[in-house]
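Please open the model in your viewer and keep the selection tool at hand. The tour below goes from one selection to the next and says what is found at each stop.

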Amino acid sequence: MFDGLKEKLDRFRSDVEESADADTEADSEAEAEVDAESEADAEADTDTVEPAAAAADETADESDDESDGPGRLQRAKAFATGKVVLEEEDLEDPLWNLEMALLESDVEMGVAEAILDQIRSNLIGETKSQMASTGDLVEDALRDALLDVISVGQFDFEERIAEADKPVTIVFTGVNGVGKTTTIAKMAKYLEERGYSSVLANGDTYRAGANEQIREHADALGKRLIAHEQGGDPAAVIYDGVEYAEANDVDVVLGDTAGRLHTSSDLMAQLEKIDRVVAPDLTLFVDEAVAGQDAVERAKQFNDAAEIDGAVLTKADADSQGGAAISVAYVTGKPVLFLGTGQGYDDLDRFDPEELVDDLVG
Ligand SMILES: Nc1nc2c(ncn2[C@@H]2O[C@H](COP(=O)(O)OP(=O)(O)OP(=O)(O)O)[C@@H](O)[C@H]2O)c(=O)[nH]1
């Protein structure tokens with residue numbers, strides 16, 4: 001998962017190391033020069049001269065140093081005390097390469113910029129002791145920057161379910177073919193393992209064969225399915241699911257919806273009606289991690305049209321880029337809550353930003 005992105009992040013670390021180490025060598029030579037010059041000056045000063053001439057000499061020395069740039073002197077001094085200052089010029093090329101790498105990985109442009117800004121402000125002027133390598137500094141800066149964008153809006157899903165009045169109604173939205181129905185089945189299993197019963201309600205009354213598809217999952221998992229005829233009212237199906245749950249002490253209603261395009265005003269009217277009729281506790285947007293920027297754009301559009309509470313990204317097992325996983329929360333302000341990591345019912349992982357960042361950067 002996200003292997004391509006991991007490699008690119010790793011390359012950024014070695015880029016900065018190379019760039020900073022090249023400067024460190026130059027600084028070490030500069031420091032030797034500074035030392036040699038001060039020794040020579042000290043000798044000359046003791047041998048000679050009038051105080052006024054010595055003051056003039058000092059001024060000349062300072063302007064010599066400034067001609068090399070104040071940063072160079074600061075770095076030479078820092079080097080002498082076993083510390084090195086990272087400067088903008090050390091990061092210029094590596095940051096440019098990182099930006100390209102993030103965009104190639106389908107990270108949304110605004111998200112890539114936020115990551116770069118954060119890294120820049122974390123690293124520039126940063127000193128490293130001999131104990132902390134440049135690589136460690138870069139790793140920390142990357143970790144902070146990624147965590148900032150990935151963990152936007154996170155909340156504890158299980159706590160939310162535990163605390164909500166039962167039945168809890170969760171509606172799943174998203175375009176078709178991305179793995180919505182499979183995700184609902186996985187969620188039923190996930191909840192069961194945590195002690196919650198669930199009923200499935202097929203609000204996808206649009207697509208021929210949708211009832212059969214979800215029924216297969218319901219049968220395989222031993223779950224009750226509420227379904228109406230094709231062409232029926234999706235809000236009515238989910239409403240029946242809620243009634244069934246109330247009558248039978250079922251904890252969670254998992255409502256599927258038709259996966260028509262987000263540009264369809266029909267679909268949005270349908271979601272609005274579901275909102276009015278059953279007031280879902282959570283609306284989860286489902287899309288494929290592998291769809292990259294397209295998934296990010298759809299998440300934004302769905303959220304604009306019918307507010308979502310969080311996202312599930314499926315097929316993360318087949319995604320080496322990671323762009324959607326990194327971008328969706330920052331762009332929508334709503335958290336990624338789960339990753340689909342395979343076709344089996346157990347392949348639904350709680351999205352843990354820290355774990356993901358450790359995996360990407362560690
Ligand atoms: N590798 C992998 N495949 C997945 C994952 N989630 C779903 N799939 C597969 O994706 C395909 C489509 O999944 P569905 O659940 O039918 O998609 P859907 O969004 O419900 O499609 P519609 O019902 O047409 O809207 C199926 O073959 C699933 O097995 C996942 O996390 N990883």
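Begin with the largest nonpolar core of this predicted model, a set of 93 residues in which Leu146, Ile238, Ala311, Leu313 and Val328 have the most contacts inside the core. Colouring by element will show that α6 gives the largest share of this core, eight residues, while colouring by domain will show that the core draws at least three residues from each of domain 1 (3-150) and domain 2 (157-351).

Next, select Leu146 and display what surrounds it: leaving aside residues up to four places away in sequence, Leu146 touches Ile115, Ile326, Val357, Leu360 and Val361.

Now select the two assigned domains, 3-150 and 157-351, and look at where they meet, with 12 residues of domain 1 in contact with 13 residues of domain 2. On the domain 1 side, the elements that give two or more residues are α1 (3-47), α5 (109-123) and α6 (134-150), and the residues on that side divide into seven nonpolar, two polar and three charged.

Move on to the ligand, which has 20 residues around it, with Asn176, Gly179, Thr181, Gly259 and Gly340 coming nearest. Helix α8 (residues 180-193) supplies the largest share of this shell, three residues, and by class the shell holds three nonpolar, 11 polar and six charged residues.

Finally, select residues 335-348, which an unreviewed UniProt entry annotates as "domain: SRP54-type proteins GTP-binding"; in the model this span is 0% helix and 43% strand, and its end C-alpha atoms lie 16 Å apart.

Definitions and conventions: Residues numbered from 1 in each chain as written. Predicted model: local features only at pLDDT ≥ 70, side-chain atom pairs only at ≥ 80, totals over all residues. Near = placed C-beta within 6 Å. Helix = DSSP H or I, 4+ residues; strand = E, 2+ residues; numbered from the N terminus. Nonpolar A, V, L, I, M, F, W, Y, C, P; charged D, E, K, R; others polar. UniProt positions renumbered as here; feature names shortened; annotations may be inferred. Domains from an automatic or database assignment. Contact = placed C-beta atoms within 7 Å. Core = buried A, V, L, I, M, F, W, Y, C linked by C-beta atoms within 7 Å. Buried ≥ 20, exposed ≤ 12 C-beta atoms within 10 Å, placed from the backbone.
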